[in-house]
Amino acid sequence: MIIISKDDFQKIADYALSELPNEACGLIAGRIEGNDKIIEKVYLLSNIDKSNEHFSLDPKEQLAAVRDMRKLGLLPLGNWHSHPSSPSRPSEEDKRLAYDKTASYLILSLMDKDKPVLNSFHIDGAETQREELVIKENKL
Amino acid sequence: MKITVAGETKEFNEGLTIAELIRQENIENPDYITVSVNDEFADNENFPSIELHDGDAVEFLYFMGGGSYVIL
């Protein structure tokens, strides 16, 4: 299971909406308790592809985020990106570029802009497995 | 010489290249990584020839990307 606060979910959604028509992206960090991942911080990074159908994290911002995680004692848990007009599930491109089978890949669909849909996946080659995602009301 | 790798300072032999560091650190999926040395990103093609020096700080970053353009 992966747990995100409502505030962080909203932060991702607001940023992704502000980046339309392009895809938005970022990183997630937090802690692991047993089998649960708890997201404590979301990072909103630039999509250097500036595309509505592709994303690449800005490496300079990624480096800054990794250092921030280290400073805060947080673990890198995975990444997130938006699909502006397609469902919240991994594309073939998402699978091709997912190198870490332990990471959580969060995908936010903006097909309904009033009700963004966020799901999390584990990706191992061509195999994808949906990870239970819980959005909690309170700060974690 | 001492090099800081991903925030941890370690001892290495002189003449160490980025390519050799990647091997010694057992970095998985090296084709997916970007390397910064003292906050400057190194060209992947030059990993075998770039020598590291005492006091350098090295970070390994995995490329992260994807996209929605092929959803089956």
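## Where the two chains meet

In this predicted model, 18 residues of chain B are in contact (C-beta atoms, placed from the backbone, within 7 Å) with 22 residues of chain A. On the chain B side, β3 (33–37), β5 (57–62) and β6 (65–66) each supply at least two of the touching residues, and β5(B) gives the largest share, three residues. Helices here are DSSP runs of H or I with at least four residues, strands are runs of E with at least two, and both are numbered from the N terminus. By class, this side of chain B has nine nonpolar, eight polar and one charged residues; Ala, Val, Leu, Ile, Met, Phe, Trp, Tyr, Cys and Pro count as nonpolar, Asp, Glu, Lys and Arg as charged, and the others, Gly among them, as polar.

The chains also share strand pairing, for which DSSP must find at least two bridges. Strand β4 (residues 55–56) of chain A and β6(B) run antiparallel, joined by two bridges, and A:S56 has B:G65 as its bridge partner.

## The sheet of chain B

Five strands of chain B form an open sheet with mixed pairing, in the order β2-β1-β5-β3-β4. β2 (8–11) and β4 (40–41) of chain B are at the edges with a single partner strand each, so one side of each has no neighbour in the sheet. Within the sheet, β3(B) and β5(B) are antiparallel and joined by five bridges; here B:V35 stands opposite B:F60. Chain A takes part too: α2(A) packs on this sheet and touches β3, β4 and β5 of chain B.

## Overall form of chain B

Chain B has one helix and six strands, running β-β-α-β-β-β-β from the N terminus. Its radius of gyration, taken over C-alpha atoms, is 14 Å, well over the 11 Å that the globule rule (2.2 Å times the number of residues to the power 0.38) gives for 72 residues, so chain B is more spread out than a compact globule. The C-alpha trace of chain B spans about 50 × 25 × 20 Å along its principal axes.

## Reading the numbering and confidence

Residues are numbered from 1 along each chain as its sequence is written, while chains are lettered from A and ligands numbered from 1 in the order in which they are written. As the model is predicted, local features need pLDDT of at least 70 and side-chain atom pairs count only at pLDDT 80 or more, whereas totals for chains, interfaces and linings use all residues.

How values were computed: Contact = placed C-beta atoms within 7 Å. Axes fitted to C-alpha atoms, helices over the stretch in contact; angles between N-to-C directions.
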